[in-house]
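My entries below follow the order in which I looked things up.

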There are 2 protein chains.
Amino acid sequence: MITEIPGGVCAAQGFRASGIHAGLKKNPEKPDLALIAADCPCAAAAVYTQNLAAATPLALTRRHLSGGFARAALVNSGNANAWAEDSLANAERCCRALAAEMGIGENEIIVNSTGVIGRRLPVEIIEAAMPALVQNLAASPAASLAAAAAIMTTDTKPKEAAVGFELSGKPVRLGAIAKGSGMLHPNMATMIALLTTDCAIEPALLRKALGESARLSYNRVSVDGDTSTNDMCAVLASGLAGNRAIAGPGEDYGNFLDAMNRVNLKLARLIAADGEGATKLITCRVEGANSREDAEALSRAVVASALVKAAMFGADANWGRVLCAMGYSGAPFDPSRVGIAFSDLKVCEGGMGLDFDEDAAKKLLSGKEVYINITAGGGPGEAEAYGCDLTYDYVRINGDYRS
Amino acid sequence: MITEIPGGVCAAQGFRASGIHAGLKKNPEKPDLALIAADCPCAAAAVYTQNLAAATPLALTRRHLSGGFARAALVNSGNANAWAEDSLANAERCCRALAAEMGIGENEIIVNSTGVIGRRLPVEIIEAAMPALVQNLAASPAASLAAAAAIMTTDTKPKEAAVGFELSGKPVRLGAIAKGSGMLHPNMATMIALLTTDCAIEPALLRKALGESARLSYNRVSVDGDTSTNDMCAVLASGLAGNRAIAGPGEDYGNFLDAMNRVNLKLARLIAADGEGATKLITCRVEGANSREDAEALSRAVVASALVKAAMFGADANWGRVLCAMGYSGAPFDPSRVGIAFSDLKVCEGGMGLDFDEDAAKKLLSGKEVYINITAGGGPGEAEAYGCDLTYDYVRINGDYRS
């Protein structure tokens, strides 16, 4: 059994967290530098954005994780350190400063940045803040929350999740913090999520689980169709739970994956609901597709459609736009077999519009959560994707992001 | 030499046009039924949406054009006749009514509809309006404009273009009307355009020219990433110019294609500039890509990016979003060789941000036309794509389209 527990990245044994205002953001009340530190060497893995213009810190992290182990994760907000002067040197300087302060190896650090692209990272500010950052480390829910707040950009809320479960009779915990908001589209690790667990697991299996889980969660979120340069999902596993180490597929691996999915799905939905300017979370469920891949493509096209998103903002039951988005998803299906419902209100069957109660539809679509349920045909493929509505505030937030 | 001329679809010899209010739209001042009629059988061709859920009228048009000839084009706005009750029967009834009124064959008619998806076409209204529609036919600029107005949905302006040129010593004309606005994305014929020409040309060559030209024009426009169910570009060629008929590739074909490109490019840019809620036209030019295909993919990703579009609305020179969009375009390039300029103001070189005059950039981006000029590397590929900014009004227009 998997149960939700408090504590975020500090829920698992062996982890401390910290989040402070270093000075990268102008507002002194906004934290901008986050650290997760492990008490022992951890199995570690990450998945990265597929954007060809991926930011330098991701390349450095990839190099540091090549052995499958790490001891800390350092993330700043306020500047993406991407396509800017000295981006590699500055990412290295961040790691060097943290390594010196903590007495660990530079190459034991997961590093990333999020914020404006193309401006030099004021690395001196981060170096100067390092003693305070490390001093603030604590193994408490408040410390996890501080770290979650420090990685926020246009997010309106810090995002955390954690679960407890059992493996070989031992209690195991897995928790995470995440940030999302703009530049989100289902195409591999399209945000920043940092996971910690005390599960004992081999790096290869940890990597496999993270890849599978990201596909089912973060890769199914779309806010605006843009895939960012910096987005990444990383995990540290301390092994302190003392379970029989997971070294291959089987029941323990399956249970661990279920727990990871629970955490990642919760965060993915929080990210979608907190999309820039969003007023509601859209969940699109597709059943009856030819395959899971097709169901994924169909559901993702629907939640990514600007026209669907704008209609949901207006609580307008314009299901034709849903069918239209399916039509350009690239997945094959027979439109004349399609059924569409908003929650349980059927609006289309056999590819044809039904007479439905417009007032009831308006009411359903006016809530904070909207469900678009699609039958694509008679196949076995099913999937869900998550998105948000397109609002005036999205335009406002992104019309002048840099100032 | 190709010169712009007035007259739209009535510029070429042998064509009359008409546009009236039949009653599909509630507002009696808004025309909703358009007809282009040829005085003689015409070579004819069309390109269609690639949306899998393509509307029924397109299938009927495809069948009617299978022989390569047609005599009329009938388009209504206010209802898409897509995925609605009796859509095929109703499209056939439209053709039957027009055929009877004009004394031509049902299968000599190009037919299409645009508007809300999923509602039954009130075909009785169209049948009742047919005598008035045909009676109104005239070979005048005013008649072309009336037809252009009658195919509008959320367009704010009717769109027309026409050019004159010479082939084998004879004056030839080619004109068109088009509608665009929402649901526009570069993926084949993503709007409705109707072209007429008095050029003598074989149907196979006409089809070839239309396909090539659509790729260079309409397929490079993006308003919101949505590819519609009903969009189509069709052409009628009367042959009345008396030029030596174009029956194969060569100079005449090249000149004809140039003229068609001129008309289609003008309309494509008018469509982009009149995108739903748009306040400015964005032209993204990419040079130095590995191939034309890559340049197309890169330029299209930039004009389709919600984040770029929102930044342009805010006149914010956030070039990092341009690089980011290139990064997920699917086209390979080396980010460290990329240069980006807004008009002639360089903001990025060698993949790095330059110090630039923010005030000058703001001024450049505040105009009605914005130029994003990209050097992707040292390759021979170049292309342009056209889009518009993402504004509050896009959200307003699409939040409650059906009411």
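I began with β9(B) and found that it pairs with strand β16 (residues 381-388) of chain B in the parallel sense over 2 bridges, where strands are DSSP runs of E with at least two residues, numbered from the N terminus, and two strands pair if DSSP finds at least two bridges between them. Within this pairing, Val221(B) stands opposite Tyr386(B) in β16(B).

Before going on I noted that the model is predicted, that local features need pLDDT of at least 70 and side-chain atom pairs pLDDT 80 or more, while totals for chains, interfaces and linings use all residues. Residues are numbered from 1 along each chain as its sequence is written, and chains are lettered from A and ligands numbered from 1 in the order in which they are written.

I then followed the open sheet of 7 strands in chain B, whose order is β9-β16-β11-β15-β12-β13-β14 with mixed pairing. Its edge strands are β9 (221-222) and β14 (352-353) of chain B, each of which pairs on one side only.

Last, I turned to chain A, where I found 11 helices and 16 strands, a helix being a DSSP run of H or I with at least four residues. I saw that buried residues make up 64% of its 403 residues, a residue being buried if 20 or more other C-beta atoms, placed from the backbone, lie within 10 Å of its own. The C-alpha trace of chain A spans about 70 × 55 × 35 Å along its principal axes.

How values were computed:
A residue is buried if 20 or more other C-beta atoms lie within 10 Å of its own, exposed if 12 or fewer, and partly exposed in between; C-beta atoms are placed from the backbone.
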